[in-house]
Amino acid sequence: MPLTVERIVLCASDALQEGANAVPFDVVYAGHACRAFAIRFEGQVHAYLNRCTHVAMEMDYQPDRFFDDTGRWLLCATHGAAYAPDSGACAGGPCRGGLVKISLSESAGLVHWHTADNLKPVEF
């Protein structure tokens with residue numbers, strides 16, 4: 001039986017500004033609680049697990065800051081791995097593949113993230 005995908009409100013659309021701070025959120029990915037983050041790049045919203053593929057640790061160098069100074073790349077603060085903001089693909093440095101992308105949608109002034117087989121909301 002196919003899984004029903006849920007849309008979960010993440011934030012207001014205007015909370016995600018081009019190249020600015022990310023909006024963090026918690027998820028359960030493959031059975032483990034993880035941090036995730038959403039950004040806006042070239043007008044589109046994107047979200048990823050906050051986990052570098054080089055070493056599985058959170059990437060932000062300051063709380064909710066992922067973009068380099070140019071606003072063109074997402075950087076891991078620990079070892080300098082760089083990722084494309086629109087796809088999560090490795091763009092340079094010591095990464096081993098791309099970031100885990102989380103499906104988002106945006107409508108009526110809200111950004112939603114979408115559950116998947118291996119991605120669920122954190123239960124309180």
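Buried means under 20% relative accessible area, exposed over 50%, and partly exposed in between, with a 1.4 Å probe and protein chains only as cover. By that cut-off, buried residues make up 40% of the 124 residues in the chain.

This is a predicted model: local features need pLDDT of at least 70, side-chain atom pairs count only at pLDDT 80 or more, and totals for chains, interfaces and linings use all residues. Residues are numbered from 1 along each chain as its sequence is written, and side-chain values use heavy atoms, with hydrogens and water left out.

**Overall build**

The chain has 0 helices and 11 strands. Helices (H or I, at least four residues) and strands (E, at least two) are DSSP runs, numbered from the N terminus. The radius of gyration is 14 Å, close to the 14 Å that the globule rule gives for 124 residues, so the chain is as compact as a globular protein of that length. That radius is taken over C-alpha atoms, and the rule is 2.2 Å times the number of residues to the power 0.38. The C-alpha atoms fill a box of roughly 40 × 30 × 25 Å along the principal axes.

From UniProt, an unreviewed entry, comes the feature "domain: Rieske" at residues 8–113. UniProt positions follow the numbering used here, feature names are shortened, and annotations may be inferred rather than shown by experiment. The end C-alpha atoms of residues 8–113 lie 5 Å apart. This span is 0% helix and 42% strand.

**Sheet and pairings**

Two strands pair if DSSP finds at least two bridges between them. An open sheet of 5 strands runs in the order E8-E4-E3-E2-E11, with antiparallel pairing. Its edge strands are E8 (101–102) and E11 (119–121), each pairing on one side only.

| Strand pair | Bridges | Facing residues |
|---|---|---|
| E2 and E11 | 3 bridges | Val27 and Pro121 |
| E1 and E10 | 5 bridges | Val9 and His112 |
| E9 and E10 | 4 bridges | Glu106 and Val111 |

E9 and E10 also form a hairpin with 2 residues between them. Ala108 in the turn has a positive phi of about 50°.

**Cores**

A nonpolar core is a set of buried Ala, Val, Leu, Ile, Met, Phe, Trp, Tyr and Cys residues joined through side-chain atoms within 4.5 Å. The largest one holds 18 residues, of which Leu10, Phe25, Val27, Ile102, Leu104 and Trp113 touch the most other members. Strands E1 (7–12), E2 (23–29), E3 (32–41), E4 (44–49) and E10 (110–114) each supply at least two residues of this core. The largest share, 4 residues, comes from E2. A second, separate core of 15 residues includes Ile39, Cys76, Ala81 and Tyr83.

Contact means heavy atoms within 4.5 Å.

**His112 in E10**

His112 lies in strand E10. Is His112 buried or exposed? His112 is buried, with a relative accessible area of 7%. E10 is mostly covered, as 4 of its 5 residues are buried. Beyond four places in sequence, His112 is in contact with residues including Arg7, Val9, Leu10, Leu104 and Ser107.
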